[in-house]
Amino acid sequence: MKNKKINLDLNELRKGGILKQLQKDYFILRTRIPGGYLKSDMLPKFRQIAKKYGKDYVHLSTRQAIEIPWIHIRDLEKLIKELKRLGISRGACGPRSRNIVACPGSSVCRFGFTNVEKLATEFDRKFFGQDVPKKFKIALTGCPNSCAKPQENDIGFMAVGEPECDSTKCTSCNLCAKVCEKVCARGGREPAIIMDENKKPVYRREYCFFEGDCIRVCPASAWRVKRTGYTVFVGGKVGRFPKLGYKIKEFASEEEIFKIADKCIKRYNQIAEPGERFGESIEKIGIEELKRQIL
Amino acid sequence: MTEIKINQILDLKNTPCPINFVKTKLKLEEMSKGEVLEVLLDDGEPIINVSSSVKEEGHQILKVEQIKNYWKLIVKKA
C-alpha cells in the first residue's frame, strides 16, 4: 500500500466532515443538514455516495444529519469533489460549532409556537462551523415539550407562548383550569389559571409554563397566544459529565436570540481553555457574570 | 344557547384515548353540516384531548359541562 500515491489536500480535510473510523484507512463522512430538514430529491444523492464510496448504508446521527461510513482514504479526494458537485454539504467535527438540531416546529406540529424550520436555516447560515475551543452545539425547539433538547446543548432556544384570555368569549367550562392544574402540578407549581367566584379564569403569569395547553383545550377559543418568545438555556452538555443548561432568559425575541448566540460563541472563545466546553467555562466565571456579559 | 337541539348522542364513557376521538370523528363524518352531536366522555385525558382535537378539526364546541364524574361535550358539525 505504501507505494500507492494518495493525493490529499489537507486543508480541504480540515474543513471538516471527515472522521477517522476505527478501521485503518477508513473514514466516516458526516454531512450538514440543518435541523434534519432535507428535500427528498437530495436522498438519491446520498444513496449514490453510500453505494459508490461506502457500504451502501447510511447512519442517522444524533444531530439529525446523515453519516456515511466506510470511505477509503484513497477515495477521499474524489469524494470531496463529488459532494461539491451534488450539493451535499459536509458537517462539522473537531473544535467547531456543529449541525443545528431542531424539532418540526409550528409548520406541522400541533404544539409548536414558531417556525423552527426557517429558524434552523438562518441559524445554520450564521453559526455553523465556527471555530471554538472544543465544540459548540445549538438546538432549537418549538415549545416546552423540548423535543430538540435545548437544555442539553451549549445553547438552546425553546419557543414559549404567553396566553391571554378574552373573558367575553369564555363559557366557564373550566377546562383551561383543569389542564393548567395538571401541568403545574407536574412542574411542582401552583396552577397558573384559577377560576374566580364568577367562574371566569384568572391568569397568574408567575406560575405559567407557557406551554399553551389552555389555548389548545379552550372550546370557545377565548384563550389565545398573546406573544411568543424563546427561553434561553446555556452551558448544557451530555458526554461523560452531563449537565443541563442554565436558564438565562424566559422570553427573548427572535432578534435577541441571534445576538445572544453570537455573544455566547464570542465569550466562549474568550473564556475557555482549549478543550473546554462552554458549560465548564461558565462554572469558572459564574452564570451571573456570563448573564451580565451577554444579556 | 339555553335550548340546543341535539341530533345524535355518543356515549364514550369508559372508551380510552384515542379511540374516543376516532369514534367522535367518524360519527361527525356521518352527520350533516350544522347538526349537533352530544358526546359523553370520561374525566381527565378524554375530555381534554377530545375537545382539543374536535376544535382542531374545525367543528364548533357549543357547550362543555361536567356531570358528576363524566363530561358532556356538545359539538356542532362544521
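Mentor: In this predicted model, eight residues of chain A are in contact with seven residues of chain B. On the chain A side, two elements give two or more residues each: helix 5, residues 175–186, and helix 6, residues 213–217. Helix 5 of chain A gives the most, with three residues. Sorted by class, the side of chain A that touches chain B has five nonpolar and three charged residues, and no polar ones.

The assignment gives domain 1 as 10–86, domain 2 as 101–160 plus 229–294, and domain 3 as 167–221. The centres of domain 2 and domain 3 of chain A, taken over C-alpha atoms, are separated by 29 Å. Where these two domains touch, five residues of domain 2 of chain A are in contact with four residues of domain 3 of chain A. The domain 2 side of that contact has five nonpolar residues, with no polar and no charged ones.

For chain A as a whole, the secondary structure amounts to nine helices and 11 strands. Its C-alpha trace spans about 90 × 45 × 30 Å along the principal axes. Chain A has 295 residues, of which 42% count as buried. Among its contacts with a separation of 6 or more, 65% come from residues 24 or more positions apart.

Chain A has an open sheet of five strands, in the order 5-6-7-10-11 and with mixed pairing. Strand 5 (101–102) and strand 11 (246–252) of chain A stand at its edges; each has a single partner strand, so one side of each is left without a neighbour in the sheet. Strand 5 of chain A runs parallel to strand 6, residues 138–141, and two bridges join them. Within that pair, Ala102(A) has Leu140(A) of strand 6 as its bridge partner. Helix 7 of chain A, residues 254–271, packs on this sheet and touches strand 6, strand 7 (155–165), strand 10 (223–234) and strand 11. The direction of helix 7 makes about 5° with that of strand 10 of chain A.

The loop between strand 10 and strand 11 of chain A holds Arg240(A). Arg240(A) is exposed, because 5 other C-beta atoms lie within 10 Å, and a residue counts as exposed at 12 or fewer. From Arg240(A) to Ile282(A) is 42 residues in sequence and 17 Å in space, C-alpha to C-alpha.

Chain A also has an open sheet of four strands, in the order 1-2-4-3, with antiparallel pairing. Here strand 1 (18–20) and strand 3 (59–60) of chain A are at the edges with a single partner strand each, so one side of each has no neighbour in the sheet. Three bridges join strand 1 of chain A to strand 2, residues 26–30, and the two run antiparallel. Leu19(A) has Ile28(A) of strand 2 as its bridge partner.

Strand 1 of chain B (residues 8–11) and strand 2 of chain B (residues 36–42) run parallel and are joined by four bridges. In this pair, Ile9(B) stands opposite Glu38(B) of strand 2. Together with helix 1 of chain B, residues 19–30, these two strands make a right-handed β-α-β unit.

On to strand 4 of chain B. Strand 2 of chain B is joined to strand 4 by seven bridges, and the two run antiparallel. Val39(B) has Leu73(B) of strand 4 as its bridge partner. Strand 3 of chain B, residues 60–67, is also joined to strand 4 by seven bridges and runs antiparallel to it. There Ile61(B) has Val75(B) as its bridge partner. Strand 3 and strand 4 of chain B form a hairpin with two residues between the strands, and Lys68(B) takes a positive phi near 50° in it.

Methods. Residues numbered from 1 in each chain as written. Chains lettered and ligands numbered in written order. Predicted model: local features only at pLDDT ≥ 70, side-chain atom pairs only at ≥ 80, totals over all residues. Nonpolar A, V, L, I, M, F, W, Y, C, P; charged D, E, K, R; others polar. Domains from an automatic or database assignment. Buried ≥ 20, exposed ≤ 12 C-beta atoms within 10 Å, placed from the backbone. Pairing = 2+ DSSP bridges. Right-handed = clockwise from strand over helix to strand, strands pointing away. Axes fitted to C-alpha atoms, helices over the stretch in contact; angles between N-to-C directions.
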